[in-house]
Amino acid sequence: MPLHIVLHEPLIPANTGNIARSCAATGAHLHLIHPLGFSTEDRYLKRAGLDYWHAVKVHHYENFEHFAASQGEGAGTFYFVETWGEKLYTDVSFRDGDYIILGKETTGLPEELTNQYREQTIRIPMSGATRSVNLSNCAAIVLFEGLRQLGFPGLK
């Protein structure tokens, strides 16, 4: 079972394209929760993803509720990446099929959502010199930690 990257209302096409490229390189699925801050026909989105779009399994949802309901019984754990998470991303034990959920670049994830999943909200440690790490970098950092814990299944 692959890991999953979920972008909740992403705004910047280049970030989503970079994340799509990471998904193509690792076999992770990409889930996009609307509204998006760009068109899926955006040239910057396509350029950032290069010619790897054919290798990415992309799923679209109208909102978080639609996304959560679509995963069904037995879905992996939802991990929400936020700057205030009490646990580090290295403190959780990733399993096949888990979901790494990231919010929009300007405001992160909705507070009502992270309050609901407080125990599953994780963070990447930072010096405090910046508000956050770039969204595509966050996705890659946490995705590769999950893959490392799983022994890099299917990767060479």
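**Notes on the model**

1. By class, 7 nonpolar, 7 polar and 4 charged residues make up the lining of the largest pocket. Here Ala, Val, Leu, Ile, Met, Phe, Trp, Tyr, Cys and Pro count as nonpolar, Asp, Glu, Lys and Arg as charged, and the others, Gly among them, as polar.

2. This is a predicted model, in which local features need pLDDT of at least 70, side-chain atom pairs count only at pLDDT 80 or more, and totals for chains, interfaces and linings use all residues. Residues are numbered from 1 along each chain as its sequence is written, and side-chain values use heavy atoms, with hydrogens and water left out.

3. The lining comprises 18 residues, with Thr-83, Glu-105, Gly-108, Ser-132 and Val-133 nearest the centre of the largest pocket. A pocket is an open set of points on a 1 Å grid over the protein atoms alone, where a 1.4 Å probe fits, with protein on both sides within 12 Å along at least five of seven lines; lining residues have an atom within 4 Å of a point.

4. A cis peptide bond runs from His-34 to Pro-35, with omega near 5°. Pro-35 sits in the loop between strand 2 (29-33) and helix 2 (43-48); helices (H or I, at least four residues) and strands (E, at least two) are DSSP runs, numbered from the N terminus.

5. Glu-9, a residue other than glycine, has a positive phi, near 55°. Glu-9 belongs to the loop between strand 1 (4-8) and helix 1 (13-26).

6. Phe-152 also has a positive phi, near 50°, and lies in the segment after helix 5 (135-149).
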